[in-house]
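Subject: Handing over the structure

Hello,

I am passing this structure on to you, and I hope you enjoy looking through it. Please open it first, and then read my notes alongside.

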Amino acid sequence: MRVAVVTSRRVVNSVYRALPLLELRRLGMDVVVDDEGRALSAGQLRGFDVVHLFRYHEDIVRRTVRTLRLTGSAIVWDNDDDLSDERNRTLTRRTNAHVTEMLQLAHVVTTTSPVLADLYRAWGADEVHVVENYLPEEYAGERPPRGDGIVVGWTAAGEHADDLRALGIRATLERLLAAHPDVRVASAGLQLGLRSERYAYTELVQYHDLARYVAGFDIGIAPIADSPFNRAKSNVKLKEYAAMGVPWLASPIGPYAGFGEQQGGRLVPDGRWFEELDRLVRDERARRKLGRRGAKWGGSQRLRRNLGGWHAAVLRAVERAGAPARVPAAR
């Protein structure tokens with residue numbers, strides 16, 4: 001079976017949502033990546049059994065997908081964002097219509113959470129498969145020798161600025177630094193605004209360096225406010241902390257609800273962030289125990305051990321492509 005993956009390697013989410021399909025080669029499939037949609041634009045995707053598109057929905061994409069459907073290719077479309085969230089200012093009515101058309105053109109839609117699956121079904125997707133984000137083999141690194149002090153770290157894109165404000169995380173971390181002279185704070189992607197020489201901000205960490213960066217944490221945090229956008233998010237941040245043996249603290253909503261000490265961390269209700277951080281900072285034994293449990297669980301969250309979801313989605317798309325189906329009207 002020949003599979004074409006249309007994606008942009010410049011989008012970090014492609015590491016989780018598109019490039020994992022390369023692992024299907026282990027199951028005997030011939031998988032190629034169409035970087036930046038070059039083959040898509042050049043009309044070179046005919047003859048593929050499956051064409052997987054990550055996020056693309058532009059005019060040329062929809063036209064090409066219609067042609068590919070007529071020539072027998074199965075279409076899988078993937079998106080891992082809540083496009084309905086009012087914070088997404090780029091989602092115009094026109095874009096909304098184009099995304100809806102892609103959802104209806106795809107034989108199978110893949111996404112990261114049941115919340116998004118329900119949303120895309122409501123927008124007209126016939127069949128949606130939830131495939132979680134897993135850790136690729138390149139997410140690896142050694143934990144550095146433990147030095148003096150304890151590092152509390154947060155890997156967070158700019159979208160978490162709302163969570164920083166809503167949950168009062170800046171004030172919590174300032175209080176923690178004042179209470180514990182041996183604590184340091186590190187963040188990547190999101191500037192926390194801490195006025196302390198014990199705070200280190202890194203603007204960008206490339207994915208191939210992320211595991212080594214996370215390995216420098218003694219505690220990883222994942223605070224998110226309760227909002228539709230956050231309830232639709234992926235749980236991969238906890239997997240990234242845990243796989244490196246880093247105990248974590250996370251908000252008990254959306255993607256993190258139901259996780260806990262067996263996965264290497266603890267859930268923190270709103271208003272309890274200082275108390276739970278203070279508790280874990282003081283308890284080295286608990287950090288070691290949670291770190292061991294997390295490493296075990298994180299090892300089970302490797303992509304190579306969880307290919308079933310992607311495999312099933314691809315096979316189902318081929319099955320659906322072989323059955324008579326109505327092609328949605330162009331928008």
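This is a predicted model: local features need pLDDT of at least 70, side-chain atom pairs count only at pLDDT 80 or more; totals for chains, interfaces and linings use all residues.

Residues are numbered from 1 along each chain as its sequence is written, and side-chain values use heavy atoms, with hydrogens and water left out.

Let me begin with an open sheet of 6 strands, in the order 2-1-3-4-5-6 and with parallel pairing. Helices (H or I, at least four residues) and strands (E, at least two) are DSSP runs, numbered from the N terminus. Two strands pair if DSSP finds at least two bridges between them. At the edges are strand 2 (30-35) and strand 6 (128-130), each of which pairs on one side only. On average, neighbouring strands of this sheet are turned by 20° against each other, direction ignored. Axes here are lines fitted to C-alpha atoms, for helices over the stretch in contact, and angles run from 0 to 180 degrees between N-to-C directions.

Inside the sheet, strand 3 (residues 50-54) and strand 4 (residues 74-78) run parallel and are joined by 5 bridges. Histidine 52 stands opposite valine 76 in strand 4. Helix 5 (residues 114-122) packs on the sheet, touching strand 5 (108-111) and strand 6, and its direction makes about 175° with that of strand 6. Contact means heavy atoms within 4.5 Å.

Strand 7 (residues 150-155) is worth a look: 6 of its 6 residues are buried, so strand 7 is largely enclosed by the rest of the structure. Buried means under 20% relative accessible area, exposed over 50%, and partly exposed in between (1.4 Å probe, protein chains only). In a regular strand the side chains alternate between the two faces of the sheet. Here Ile150, Val152 and Trp154 point one way from strand 7, while Val151, Gly153 and Thr155 point the other way.

Strand 7 runs parallel to strand 8, with 6 bridges joining the two. Valine 151 is opposite arginine 184 in strand 8, and threonine 155 has alanine 188 as its bridge partner there. With strand 10 (residues 219-222), strand 7 pairs in the parallel sense over 2 bridges, and valine 152 stands opposite isoleucine 219.

Valine 185 lies in strand 8 (residues 183-188). With 3% relative accessibility, valine 185 counts as buried.

**A helix pair**

Helix 10 (residues 236-243) and helix 12 (residues 284-300) pack at an angle of about 120°, with their axes 7 Å apart. The contact is made by Leu238, Lys239, Ala242 and Ala243 of helix 10 together with Gly294, Ala295, Trp297 and Gly298 of helix 12.

**Some loop residues**

Most residues other than glycine have a negative phi. Glutamate 36, in the loop between strand 2 and helix 2 (38-41), has a positive phi of about 60° although it is not a glycine. Glutamate 36 is partly exposed, with a relative accessible area of 23%. Arginine 55 also has a positive phi, of about 75°, and lies in the loop between strand 3 and helix 3 (59-70). At 24% relative accessibility, arginine 55 is partly exposed.

Leucine 27 sits in the loop between helix 1 (14-17) and strand 2. Leaving aside neighbours within four places in sequence, leucine 27 is in contact with Leu307 and His311.
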